[in-house]
Every structure is written in structure tokens, then in C-alpha cells.
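Please keep the sequence and the structure in view while reading.

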Amino acid sequence: VQLQASGGGLVQPGGSLRLSCAASGVIFSRNAMGWYRQAPGEQRELIIVLTSDGTTNYADAVKGRFTVARDDAKNTVYLQMASLKPEDTATYYCGVRYDGANYWGQGTLVTVSS
């Protein structure tokens, strides 16, 4: 199982960014996945869960600003982030639980700063 997160970068407060998570060895439409983030000096936190049937659950910190979507043809999950704040600065990871084990991508850095 391999996950590849991409799309991070530097964005101004109030701006938008879209992250992608492409998978191989696992099919997102058959497994729950999550988006996580880890700010410097902080623990990794789960911000979004997307189940195989398309149910989503957002952490309060991102609810109303972040949206997750899945492209089954590409086996890719997207994280659309809007109204970004400096406190959203973190390395963002996608993860999936498959066959009893947790798998992570390498992370993509999002920096929100003017």
C-alpha cells in the first residue's frame, strides 16, 4: 500500500488550496481513509474521515472550510481547503486502514502566512 499526498505550498490567510492523495495497493472506495495534520511541535490530529460509502466527518477546527471529495476512477481523494488561517499551517497526511494495518503518505506541507 502506498499513499502519495501532494498539493501543499505557501498560501496567504483567507486563501485556498487543494491537496490530493493518490493510492496504490488499496482502493479508497472500499476502505475508510482520513486526512490528518501535524503542526510543528504538536501531535498529529485527525481532521477528516471519509468512509467507503462516502460518509464524512469533519473536526470542528475545519468544518465549513474544508471539503473532502473522492474520485473513484483515479483512486484519489482530494482535500479542498478554503478560508485558510495561520493556524492551519501543518504537514498534512492522508492515511488508510487496510487489512488490519494503518498506512500513511509522506505528508505535504501547508504554510499559511502573509
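## The model

This is a predicted model, in which local features need pLDDT of at least 70, side-chain atom pairs count only at pLDDT 80 or more, and totals for chains, interfaces and linings use all residues. Residues are numbered from 1 along each chain as its sequence is written, and side-chain values use heavy atoms, leaving out hydrogens and water.

## An open sheet

Four strands make up an open, antiparallel sheet in the order 1-3-8-7. Strands here are DSSP runs of E with at least two residues, numbered from the N terminus, and two strands pair if DSSP finds at least two bridges between them. Strand 1 (2-6) and strand 7 (66-71) are the edge strands, each pairing on one side only. From one strand to the next, the twist averages 15°.

Strand 7 is joined to strand 8 (residues 76-81) by six bridges, and the two run antiparallel. Opposite Thr76 in strand 8 stands Asp71.

## Partners of strand 4

Strand 4 is joined to strand 5 by five bridges, in antiparallel fashion. Arg37 has Glu45 in strand 5 as its bridge partner. The hairpin of these strands has six residues between them, and Gly41 takes a positive phi near 75° there.

Strand 4 also runs antiparallel to strand 9, with six bridges joining the two. Thr91 in strand 9 is the bridge partner of Gln38.

## The nonpolar core

A nonpolar core is a set of buried Ala, Val, Leu, Ile, Met, Phe, Trp, Tyr and Cys residues joined through side-chain atoms within 4.5 Å; buried means under 20% relative accessible area, with a 1.4 Å probe and protein chains only. The largest one has 28 residues, of which Trp35, Ile48, Phe66, Leu79, Met81 and Tyr92 touch the most other members. Strands that each supply at least two residues of this core include strand 3 (17-24), strand 5 (45-50) and strand 11 (108-112).

Beyond its neighbours within four places in sequence, Ile48 is in contact with residues including Trp35, Phe66 and Leu79. Contact means heavy atoms within 4.5 Å.

## Aromatic rings

There is one aromatic pair in the structure. The ring centres of Tyr36 and Trp104 are 4.5 Å apart and the planes are at 65°, so the pair is edge-to-face. (Rings of Phe, Tyr and Trp, the last by its six-membered ring, pair if their centres lie within 6.5 Å; planes under 30 degrees apart count as stacked, over 60 as edge-to-face and the rest as tilted.)

Technical notes:
Axes fitted to C-alpha atoms, helices over the stretch in contact; angles between N-to-C directions. Buried < 20%, exposed > 50% of the residue type's maximum accessible area, 1.4 Å probe, protein only.
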